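Keep the sequence beside the view.

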Amino acid sequence: MLSKALLRLGASAARHPWRVIAAWLVATSLAVLAAVAFGGRNADAMTAPGLDSQRAAELIERAGTGQEGMTAQVVVTPLDGAATFFDHDGARTALTRLQTEVKRLPHVLGTSDPAGALDAGGDTAVRGDLVSADGRIAVVRVQYPDQSRLSGEDLDALVELGDRLRTELPLRIEMGGNLFYAFSDADGGVSELIGILAAAAILFLAFGSLVAAALPIGMAVFGLTVGVATMTVLAGVTDVPTFAPVLGSMVGLGVGIDYALFVLARHREYLARGLDPHEAAGRAVATAGRPVVFAGGIVVVSILGLAVANVPFMTVGGLAVSIVVLTMVVASVTLLPAFLGAAGPRLARTGRIGRALQTRKLGRAARRQDPAGAPPAGAAPAAGWRRWIGHVSRHPVPYAVGAAGLLLAATLPVLGLRVGLPDDGSLPHSRTERRAYDLVAEGFGPGTNGPLVIAADPAGDPGVLDRLVGAVAADPGIASVAPTHIDRATGIATLVVFPTTSPQDKATADTIARLRTDVLPTAIGHGPASAHVGGAAASLSDVGRRTSQRLPVFVAAVLAMSFLLLTLVFRSILVPLKAVLLNLLSIGAAYGVMVAVFQWGWGGALIGLEATVPIVSFIPMFLFAILFGLSMDYEVFLLSRVREEYLRTGDNGTAIVEGVSGTARIITSAALIMVAVFLSFAVAEDPSTKMFGLGLATAILIDATVVRMVLVPATMTLLGRTNWWLPKWLDRMLPRGPVGTDDTGAESTGEAPPPRLIDR
């Protein structure tokens, strides 16, 4: 059985700690070396098979125009604010030099020619979208091949050139484009350090010992290093999205420290009972390690379930994050017990500062129970939680109704959820991409930052292109249409069109939909010709629509899987059903908070959000996968303890009070750690990272407080003994293997469990 295997594994690691630690050091070194030797750089490929934008990209690739590749733009304006390119010869000469140097960069296929347009005369039609009408702003558009032939070195070369030319030319130079989006390093580093320091402080307050606080941090750092290095190796084989390392670090630190906290707390309990450190470590892994394995498994399976969206970058991103979580699970049952064995009996002791903190807690508890000041026998920090859970259990109806109403109210903003992708206009002004975006919008209009590329195959119809250009130009959502490019070999035509609205504006998505459903079909007619709308804005709009369509299927699959696993773990029908419904409430409330902050702007300044933005299209699905798995961590850990108490006493009320209060300090400490880690990422520059950080932090905070400490005891009290009801026919069907509950009670308490409540 799983418990016995974990018992042997934990005890063996604790008896031979230096062997296990050495093995992890070797594994970590090999992972880092493999990442250096074979790893790749993260890149975003926001495409998916079967989408209209993907068909447009395939047509463009057939035509060989180069427009299927990556692009960048260098936006310049004279440093003299009163000068324009019309009347400043030095600025025009500098612009010509800049174009020449950009063309010389590796892999650059070509650039636009604003200097040539200026030399051709002042005709607006000639200048097009290269020089603004007032002559103050010029754009050099840089064309690269497709992403598979590029790397982060191409972005580095462009940025280094810009840095050098800023010191040599009388121009203000800003840069942007999807080359930056694909190869910019994701936020991290500082956020991870802040999260680790916050976690260390919370662990010290929870245990009152520097040694006890250091062990979960050390285990998490080992696991995170191996997981991220493995992710880097994966990036050498396929495109791993740029958000994956940030999300992997965020989730990996959170779950790693949480899992270690659960096992460490049990280990200290066994040490307090007088067990040998090696035996205590083995038993801790056998009891607390079992919920860790199941909870981690649920997280991994939930994240891997993102494959149902049929969006490759989400599938690969989910796989990358799952690797980090799986590494943390393995570390929790191997590396951590080795640390526990190496620490020996020192973990049973509390440092001077920790003793002072605990003495204050005990003193306050004693004064509340005995006005004379005599500390009651057996007083413990859990006494406060026991009183609170007992209070909730005595008044279950008002607490259940009030807490559920609060979460439903927090969920209401979800009705206004709008998915999309924040463009460079949502980045802070400290970023060159934001400054380039603002200059382009100022000089040419907001839609110039998100051009659409229409790919058309006339299929022998000579008049279709004229009709197509006229119909597109007449659409109210289109500001201008660039000259048509026709490939002589294939006859495929490409039209670059500029919407009147910014890439993240809902009106742009409406324009794309209108072009596809009305404008293009009307212009083409019923002949063999075809036309498709592509470009970055169209691709992201398509991905958002697909993820929204697949989200219900994904949610149903995760709910069904979680219900089944919890039924196997706890051999109950109502406990898993309640867990699924309560997790939905906490996740829905987190979604509501995200809408209020990012779309409505409530409190956005607190996390450095400079403008309202839509929710990134793929984040709701990712968050659901991660949050549902993380919520199950607490559910499995808490209910395992409640189940143990129920098997020991046979009394539902006692089991709820003792089980919840016995895990409350650990759950709240674990939640505070996760919230601290996630919030450290919510202040990052990138809006997507902010959304991940705030969404995860909000959901975990709600889940560990309102749900676990209020709704769970209230609803379990109302359900009474039916919490553990299981039909007889289903009891016979369910396997008794490692997920059964017979071993839970007997193994953790040494007592024979009372009969289960089974429907006869």
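**Charge, sheet and core**

Glutamate 174 counts as buried, at 5% relative accessibility. Buried means under 20% relative accessible area, exposed over 50%, and partly exposed in between, with a 1.4 Å probe and protein chains only. This is a predicted model: local features need pLDDT of at least 70, side-chain atom pairs count only at pLDDT 80 or more, and totals for chains, interfaces and linings use all residues. Residues are numbered from 1 along each chain as its sequence is written, and side-chain values use heavy atoms, with hydrogens and water left out.

Glutamate 174 forms a salt bridge with arginine 435, the closest N and O atoms being 3.0 Å apart. The pair links distant parts of the chain: glutamate 174 is in strand E4 and arginine 435 in helix H19 (residues 432-444), 261 residues apart. A salt bridge here is a side-chain nitrogen of Lys or Arg within 4 Å of a carboxyl oxygen of Asp or Glu. Helices (H or I, at least four residues) and strands (E, at least two) are DSSP runs, numbered from the N terminus. Arginine 435 is partly exposed, at 26% relative accessibility. Glutamate 174 also meets arginine 172 in a salt bridge, at 3.2 Å from N to O. Arginine 172 is partly exposed, at 31%.

Now look at the sheet around E4. Four strands form an open sheet in the order E2-E3-E1-E4, with antiparallel pairing. Its edge strands are E2 (110-111) and E4, each pairing on one side only. Two strands pair if DSSP finds at least two bridges between them. E1 and E4 are joined by six bridges. Within this sheet, valine 76 stands opposite isoleucine 173 in E4.

Helix H7 (residues 152-168) comes next. Its 17 residues should span 24 Å, and its end C-alpha atoms are 25 Å apart, which agrees. The expected span is 1.5 Å times one less than the number of residues. Buried residues of H7 include Leu155, Leu158 and Leu161. Among the elements covering the buried residues of H7 are strand E1 (71-78) and helix H4 (89-103).

What of the nonpolar cores? A nonpolar core is a set of buried Ala, Val, Leu, Ile, Met, Phe, Trp, Tyr and Cys residues joined through side-chain atoms within 4.5 Å. The largest has 167 residues, and Phe598, Phe618 and Leu696 have the most contacts inside it. A second, separate core of 34 residues includes Ala72, Leu158, Leu171 and Leu179.

Strand E10 (residues 530-534) is mostly covered, with four of its five residues buried. It runs antiparallel to strand E6 (residues 452-457), and five bridges join the two. Alanine 455 stands opposite histidine 532 in E10.

Which charged side chain is buried yet has no salt bridge? It is arginine 546, and the nearest side chain of opposite charge, aspartate 542, is 8.6 Å away. Lys and Arg count as positive and Asp and Glu as negative, while His and the chain ends are not counted. Arginine 546 sits in helix H22 (residues 536-570).

One more pair lies in helix H24 (residues 619-649): glutamate 645 and arginine 648 are three residues apart, so about one helical turn separates them. Their salt bridge has its closest N and O atoms 2.5 Å apart. Glutamate 645 is buried, with a relative accessible area of 13%.

Note on methods
Contact means heavy atoms within 4.5 Å.
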